[in-house]
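Biologist: I would like to go through the labels on this model and ask what stands behind each of them.

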Amino acid sequence: MDKLKSFIKKNLNSIIFFILMHAVFFIVLFLNNVNIKIFLQAFQICFLVFVIYLIIKYFDFQKNLTKDERIRDLETQIETFRNQYITWQKDIQEYFSMWVHQIKTPITCLEILTEDNTEMKMQLKSIDNYTNMAINYLKLNLHEKDMDISVVDVDNLLNILVKKYSLLFINSHISLDFRKNGLKCITDSKWLSVLLEQILSNAIKYSENSQIILDSFKKDNAVVILIEDHGIGIPEEDINRIFDKGYSGFNGRLKQKSSGLGLYLAKSIADKLEITLKVDSVVGQGSKFYIIVNN
């Protein structure tokens with residue numbers, strides 16, 4: 001009954017037009033003394049045609065109504081799946097956040113217990129770095145999309161990373177040329193730090209017994225941060241793929257140290273922050289990573 005009411009409401013103009021049209025014909029015929037039987041015969045034919053027209057329109061209405069109902073059902077299902085997915089995202093992020101905080105306690109304890117064992121401390125540092133990479137990857141790809149944009153002191157950000165990786169610099173026999181230029185840029189401090197950390201740790205990984213240069217300079221309206229190493233370099237055929245997810249390249253397979261996620265994470269962060277990454281590299285001479293932050 002509700003469907004019939006909806007159909008009548010939708011076609012009410014056509015029904016009213018049909019009634020008014022025949023009312024006008026009846027008045028005209030009546031005023032001209034035309035035989036009423038002729039009018040009734042004509043009305044019956046027109047009425048039959050109009051009923052057939054309404055039946056056809058009703059079937060179309062039913063078909064469209066069925067489509068609309070299916071669309072509404074699908075929209076409801078999509079909304080349900082979307083809510084379930086958001087809940088799943090939150091659960092995953094909360095679980096790994098808790099896991100990371102819990103795993104850091106035994107890592108810290110082991111670092112204290114192995115104070116005199118440099119190799120053990122190096123391995124624990126690697127575990128800590130991979131743990132941080134995992135949680136940052138989850139945060140970036142789940143729902144921590146809001147950026148805290150502010151003025152960032154480039155030298156201060158790099159200085160924190162240098163202190164964090166000081167043990168790796170010493171044990172890998174890497175000399176550091178840190179050129180402080182007092183530059184500032186406008187971006188998200190936390191995520192820029194994670195981006196720089198991935199590139200710096202990658203440079204340390206492939207630069208034993210050499211040098212790393214940290215520099216910054218202005219170019220046009222951008223601040224450019226340079227991380228340059230004098231390590232083994234990147235083969236030309238790998239340059240265009242080093243930021244691909246899971247791609248470790250020839251160097252990664254050679255050294256058996258690469259997860260293929262560090263530079264992918266760096267590129268993902270750069271895309272979200274609208275930062276440009278450029279790489280120049282020569283095998284046997286080293287690599288230059290340019291992090292270009294537009295102000």
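Modeller: Of the 295 residues in the protein chain, 37% are buried. This is a predicted model, in which local features need pLDDT of at least 70 and side-chain atom pairs pLDDT 80 or more, while totals for chains, interfaces and linings use all residues. Residues are numbered from 1 along each chain as its sequence is written, and side-chain values use heavy atoms, with hydrogens and water left out.

Biologist: Why is Phe289 called buried?

Modeller: Buried means under 20% relative accessible area, exposed over 50%, and partly exposed in between, with a 1.4 Å probe and protein chains only. Phe289 has a relative accessible area of 3%, so it is buried. Phe243, at 15%, is buried too.

Biologist: What makes Phe243 and Phe289 an aromatic pair, and which kind is it?

Modeller: Rings of Phe, Tyr and Trp (its six-membered ring) pair if their centres lie within 6.5 Å; planes under 30 degrees apart are stacked, over 60 edge-to-face, and the rest tilted. By this rule the count comes to one aromatic pair. Phe243 and Phe289 are 6.5 Å apart centre to centre with 90° between the planes, which is edge-to-face. Phe243 lies in the loop between helix H8 (236-239) and helix H9 (249-255) and Phe289 in strand S7, so the pair ties together parts 46 residues apart in sequence.

Biologist: How do you know that strand S7 pairs with strands S5 and S6?

Modeller: Strands are DSSP runs of E with at least two residues, and helices are runs of H or I with at least four, numbered from the N terminus. Two strands pair if DSSP finds at least two bridges between them. Eight bridges join S5 (residues 222-229) to S7, antiparallel, and Val223 stands opposite Val293. Seven bridges join S6 (residues 276-282) to S7, also antiparallel, with Gly286 as the bridge partner of Val282.

Biologist: What makes S7 mostly covered?

Modeller: Seven of the nine residues in S7 (residues 286-294) are buried.

Biologist: Why are the buried residues of helix H5 said to be on the same side?

Modeller: In H5 (residues 154-164) the buried residues are Val154, Asp155, Leu157, Leu158, Leu161 and Val162. They cover an arc of only 160° around the axis, taken from the directions from the helix axis to the C-beta atoms, which puts them on the same side of H5. An α-helix has 3.6 residues a turn, so residues three or four places apart point the same way.
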